[in-house]
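The sequence and the structure come first.

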Amino acid sequence: MHIRPRLNRCFSRKNKLNQTSRAPCPVPMGSSSPSPSPEPPQSSAPADGASNASLRWHILRRALLSRSASPRASEGTSNDPQEKGDTNKISRKTSRSFNLFECHTVPISQLNKSQGDSLNGNENGVECQRDVYVCYKLPCGGSPELNVIYRRDDSLELNDIEASNRFNIDTTGLVCCWPSEEVLAFYCINHSDMFRSKRVLELGAGYGLAGLVIAASVNAGEVVISDGNPQVVGYIQQNISINAETFGQTKVKPMTLHWDQEHASDMLNSFDIIVASDCTFFKQFHQSLARTVKSLLKHSETSQAIFLSPKRGDSLNKFLDIIKEYDLCYELIENYDPTVWNLHKSYLAGDDTSWPNYNEEHCYPLLVRITFGDFV
């Protein structure tokens, strides 16, 4: 076993994990500043005796009515700041992140003008009126900039749900860039040596921030950014296109990769490193996710899968049990980066109130390293 600082335990096939958690929190897309002004601490208890359940129904009702064009919809959508404040307190969707990257938004029209025809001709193309363009400045040599197109907040539509049912996939990749993806991208920059000249695969990439950061900053040989949702892969394709000049000699490509389907023979055991964030929440995908890792990871002493996942109830626990069933080894690390760890502690202690509904169980990602052999 290889013990790390502040590591609760290092787990292999014979050890068990006992953890609890809740649902995930997203990173804001559309904020004009990477460092929002602090907000006063908020109580987790709803005001006026309203139950959490009733407030969650308000969230659902507000989301559904806002998508209707009928006059009754506007009448039924409350503008009461008290009601909105109460629902925001218990909502799992937050407008906060770890703010690890300097970033700002740019009008999508400016992106279209600068990129010419590169955004056209894709059957899964971006509809500019519902998207936001975010420019990141990466904290590495030369401070390269990375441009990423996201859906605007609260722009999930009925046809997205229909596609989810049709392809047996989830829609979380369209919601936002989640905090674990941001942390994964930051971690990869700070451990660039492990990626140099390697073939890298990102699973369940969403908009692909981590994969794009790897391609732009660590001199990898090839980066494949994948997701099971064809709509999401359309965004990945466009994000690759608008950043092509940033990747240097690194080959970068998108891929629709459904974990339940057979994988192409040229992909089997061919990736030096697999990365993923927030991919262990849905328990029904645990078996196929573990099988995908084992099938695609290269049999090598240096090959590994890097997962960043919050505890979220027993979801991470269950996934690690599945990993053992596939004869894979794993190492669980709680404190893997001093910057992220200090921010985490600051949020927990209430010293930093910029993330008022921060909760360790569903906001702080743990690092899981997965290999074919035991750690020594």
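Three strands, in the order β1-β2-β3, make up an open sheet with antiparallel pairing. Its edge strands are β1 (102-106) and β3 (145-151), each of which pairs on one side only. On average, neighbouring strands of this sheet are turned by 30° against each other, direction ignored. The model is a predicted one.

Strand β2 (residues 131-137) is joined to β3 by 7 bridges in the antiparallel sense. Within this region, V134 stands opposite V148 in β3. As a general point, strands of a sheet pair through backbone hydrogen bonds, either parallel or antiparallel.

**Helices on the sheet**

Two helices lie across strands of this sheet. Helix α8 lies across β2 and β3 and runs at about 165° to β3. Helix α9 (residues 230-242) also lies across β2 and β3, running at about 155° to β3.

How many residues of helix α8 are buried? The count is 9 of the 9 residues in the stretch 209-217, so helix α8 is largely enclosed by the rest of the structure. The buried residues are L209, A210, G211, L212, V213, I214, A215, A216 and S217. Just after α8, N219 takes a positive phi of about 60°.

**Helix pairs**

Helix α8 also packs against helix α7 (residues 179-190): their axes come within 8 Å and cross at roughly 15°. An angle under 35 degrees counts as roughly parallel, and α7 and α8 are therefore roughly parallel to each other. The crossing of α7 with α8 is right-handed. On the α7 side the contact is made by E181, E182, L184, A185, C188 and I189, and on the α8 side by L209, A210, G211, V213, I214 and S217. By class, this contact of α7 with α8 has 8 nonpolar, 2 polar and 2 charged residues.

A further helix pair is formed by α10 (residues 286-296) and α11 (residues 315-325), which pack at an angle of about 45° with their axes 9 Å apart. The two helices α10 and α11 are therefore oblique to each other. Their crossing is right-handed. From α10, the residues H286, Q287, L289 and A290 meet S315, K318, F319, I322, I323 and E325 in α11. The residues of this contact of α10 with α11 divide into 5 nonpolar, 3 polar and 2 charged.

What is the burial of strand β10 (residues 366-371)? In β10, 6 of the 6 residues are buried, so the strand is largely enclosed by the rest of the structure. Both faces of β10 are covered: on one side L366, V368 and I370 are buried, and on the other L367, R369 and T371 are buried.

Strand β10 pairs with β8 in the antiparallel sense and with β9 in the antiparallel sense.

| Partner of β10 | Bridges | Opposite residues |
|---|---|---|
| β8 (residues 304-309) | 5 bridges | L308 and L367 |
| β9 (residues 329-333) | 5 bridges | E331 and R369 |

Both β10 residues in the table, L367 and R369, belong to one side of the strand and are buried.

Note on methods. Residues are numbered from 1 along each chain as its sequence is written. This is a predicted model: local features need pLDDT of at least 70, side-chain atom pairs count only at pLDDT 80 or more; totals for chains, interfaces and linings use all residues. Side-chain values use heavy atoms; hydrogens and water are left out. Buried means under 20% relative accessible area, exposed over 50%, partly exposed in between (1.4 Å probe, protein chains only). Helices (H or I, at least four residues) and strands (E, at least two) are DSSP runs, numbered from the N terminus. Axes are lines fitted to C-alpha atoms, for helices over the stretch in contact, and angles run from 0 to 180 degrees between N-to-C directions. Angles under 35 degrees count as roughly parallel, over 145 as roughly antiparallel, 65 to 115 as roughly perpendicular and the rest as oblique. A crossing is left-handed if the near helix is turned anticlockwise from the far one by less than a right angle, and right-handed if clockwise. Contact means heavy atoms within 4.5 Å. Ala, Val, Leu, Ile, Met, Phe, Trp, Tyr, Cys and Pro count as nonpolar, Asp, Glu, Lys and Arg as charged, and the others, Gly among them, as polar. Two strands pair if DSSP finds at least two bridges between them.
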